[in-house]
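Please work through the exercises below with the sequence and the model open beside you, trying each task before reading its solution.

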Amino acid sequence: MKNYVDITPALDKANDECGVFGIYRNDEALNVVAVTHDALYSLQHRGHISAGITVNENQSFTTVKELGMVSEVFNEKTLKKLPNGKIAVGHVRYTSGGALDRAANQPLVLRYKEGSIAIANNGSITNFPEIRKELERGGSIFQSNSNAEVMAYVIATERIATDNLEDAVLRAMKRLKGAYSTVICAPTRLIGFRDIYGFRPLCVGKIGESYVITSESCVLDTIGGTLIRDVRPGEMVVIDEEGFHSFMLDKKAPKTSLCVFEYVYVARPDSFINNVSVYNARLKAGELLFREYPIEADMVCGVPDSGIIAAEGYARASGIPYGMGFIKNKFLGRNAGTGMDKKKRLLHTKLSALKCNVEGKRVIVIDDSIVRGQTSQHIVNLLRKAGAREIHMLISSPPFIFPCYFGIDISDRENLIANKMSIDEIRREIGADTLGYLSVKSLRETAAGCDIDLCDGCFTKQFSAEVPTTFFVDKYASKIKRS
Ligand code: SF4
């Protein structure tokens with residue numbers, strides 16, 4: 001059994017922190033373990049550090065969770081440990097840490113006076129230190145630094161003062177600040193809830209007569225289900241033997257804040273989030289890049305994977321042929337590369353330029369974002385070495401100027417290249433002939449039709465929600481592996 005794992009370096013990318021799934025079975029023939037297992041495969045892009053499933057069979061909870069990808073954690077033997085119960089929740093986790101504590105793996109099962117709950121969360125609680133200190137003063141002992149554990153304790157303490165779990169969750173939602181899209185497996189029901197800003201996606205669907213709550217709608221396509229709707233910001237949905245119930249918190253955000261970066265990079269292209277297709281948003285980003293940067297070139301290519309759709313959009317809008325510029329090594333495991341230069345070696349072995357396609361050409365290359373700049377520099381180098389005549393790099397989002405406190409692991413401010421250099425300095429640093437970022441206005445246009453407002457705080461420094469205190473940001477967050 002592994003106690004820790006060396007995680008794959010982030011390769012100069014922003015990373016999401018988790019995917020959640022829950023199912024309430026109303027169809028006798030449905031195997032909730034198989035469905036949850038399939039669902040986690042569809043959420044793997046949201047986190048590959050750990051995976052877990054908890055099943056509730058006659059109010060007895062069984063959990064299998066471990067560090068590793070879904071394919072590593074679940075096999076014939078581990079899946080057999082899980083009974084085909086009435087309710088199940090699943091989780092995949094990302095974290096920004098190095099060596100990881102297994103205690104932070106989810107779902108997290110908490111046994112308290114009124115029974116058990118299993119919780120799986122996506123997001124980041126911004127008043128985590130204050131709440132945790134308060135709970136510790138009251139005698140709570142924590143096993144991990146996970147947000148989920150703090151949330152579970154808050155719900156358990158509120159449950160003592162309320163008549164039912166629903167009221168306890170609603171009261172907990174008022175105490176918890178920041179971003180959370182959470183599922184809970186309770187003794188007799190499945191609960192899902194989303195913070196009042198709606199930072200992270202969460203939707204409800206059906207497979208047959210059974211209900212599902214999950215991070216992304218692509219899961220429903222995978223398991224043969226249908227999307228009902230998104231969970232609303234500040235809403236708690238409950239599924240029990242009487243069916244589906246919705247409760248709205250009697251507190252509203254001044255302005256909702258769905259993470260616009262979900263459309264740019266995080267979510268899977270076949271998902272719909274709050275009415276907008278992720279694929280269409282990325283395509284539109286490419287079209288708008290052409291409107292902002294109409295460059296003469298021989299081909300347009302995308303950096304795999306999330307730059308490819310925007311490149312398709314640019315090619316369509318410009319009439320410049322779309323071509324493959326890179327080959328991605330799909331078989332790099334998490335343990336690829338060893339030693340001090342692991343991060344560098346991973347960066348270098350992940351992509352190769354397709355020389356026969358780019359040699360002698362004026363190439364427009366589109367990527368989703370630039371964090372520190374090393375990846376972009378490497379990409380430009382690859383194209384130069386492969387003989388590209390001109391390299392015009394376009395980015396389908398604006399420059400990152402601020403970290404994210406709401407569930408996406410974007411570097412500390414001092415590591416963000418756009419905080420230290422002008423766009424022309426970045427262009428010179430990465431060695432491109434042109435560098436252009438999509439404007440904030442156009443970025444927002446990519447998600448036109450979204451039924452809630454968007455967060456673009458990491459690009460604008462404008463946040464609708466309170467950002468954490470300096471103490472938390474500088475001294476606490478760096479030590480805590482959020483999950
Ligand atoms: S700050 Fe950026 S990454 Fe974080 S929620 Fe807002 S848009 Fe998303």
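This is a predicted model: local features need pLDDT of at least 70, side-chain atom pairs count only at pLDDT 80 or more; totals for chains, interfaces and linings use all residues.

Residues are numbered from 1 along each chain as its sequence is written.

**Exercise 1. The chain as a whole**

Task: State how many helices and strands the protein chain has, and what percentage of its residues is buried.

Solution. Begin with the secondary structure, which comes to 18 helices and 25 strands; helices (H or I, at least four residues) and strands (E, at least two) are DSSP runs, numbered from the N terminus. Next take burial: a residue is buried if 20 or more other C-beta atoms lie within 10 Å of its own, exposed if 12 or fewer, and partly exposed in between, with C-beta atoms placed from the backbone. Of the 483 residues in the protein chain, 52% are buried. Finally, consider contacts, where two residues are in contact if their C-beta atoms, placed from the backbone, lie within 7 Å. Among the contacts in the protein chain with a separation of 6 or more, 73% are between residues 24 or more positions apart.

**Exercise 2. Two helix pairs**

Task: Describe how α4 packs against α5, and how α5 packs against α6.

Solution. Two packed helices are described by the angle between their axes and the distance between the axes. Axes are lines fitted to C-alpha atoms, for helices over the stretch in contact, and angles run from 0 to 180 degrees between N-to-C directions. Angles under 35 degrees count as roughly parallel, over 145 as roughly antiparallel, 65 to 115 as roughly perpendicular and the rest as oblique. A crossing is left-handed if the near helix is turned anticlockwise from the far one by less than a right angle, and right-handed if clockwise.

Step 1: helix α4 (residues 128-137) and helix α5 (residues 147-160) have axes 10 Å apart, at an angle of about 50 degrees, and α4 and α5 are therefore oblique to each other. The crossing of α4 past α5 is left-handed. On the α4 side the contact is made by Phe128, Ile131, Arg132 and Leu135, and on the α5 side by Asn147, Val150, Tyr153 and Val154. These contact residues divide into 6 nonpolar, 1 polar and 1 charged, where Ala, Val, Leu, Ile, Met, Phe, Trp, Tyr, Cys and Pro count as nonpolar, Asp, Glu, Lys and Arg as charged, and the others, Gly among them, as polar.

Step 2: α5 and helix α6 (residues 165-175) pack at about 125 degrees with their axes 8 Å apart, and are therefore oblique to each other. The crossing of α5 and α6 is right-handed. Met151, Val154, Ile155, Glu158 and Arg159 of α5 meet Leu165, Ala168, Val169, Arg171, Ala172 and Arg175 of α6. The division for the contact of α5 with α6 is 7 nonpolar, no polar and 4 charged.

**Exercise 3. Buried positions**

Task: Find what covers the buried residues of α10, and decide whether leucine 382 is buried or exposed.

Solution. In helix α10 (residues 308-318), 9 of the 11 residues are buried, so the helix is largely enclosed by the rest of the structure. The cover over the buried residues of α10 includes α9 (278-292), β18 (299-302) and β21 (362-367). Leucine 382, in helix α13 (residues 374-385), is buried, with 22 other C-beta atoms within 10 Å. Leaving aside neighbours within four places in sequence, leucine 382 is in contact with Leu351, Ser352 and Ala353.

**Exercise 4. The ligand shell**

Task: Which residues are around the ligand?

Solution. A residue is near a molecule or strand if its C-beta atom, placed from the backbone, lies within 6 Å of it. The residues around the ligand are Phe199, Cys259, Val260, Phe261, Cys404, Phe406, Ile408, Ile410, Cys455, Asp456, Gly457 and Cys458. This shell divides into 10 nonpolar, 1 polar and 1 charged.

**Exercise 5. Backbone exceptions**

Task: Where are glutamine 59 and proline 107 placed?

Solution. Most residues other than glycine have a negative phi, and most peptide bonds are trans. Glutamine 59, in the loop between β3 (50-57) and β4 (60-67), has a positive phi near 70 degrees, and counts as partly exposed with 13 C-beta neighbours inside 10 Å. Proline 107 is in the loop between β5 (87-93) and β6 (108-112), and a cis peptide bond with omega of about 5 degrees joins glutamine 106 to proline 107.
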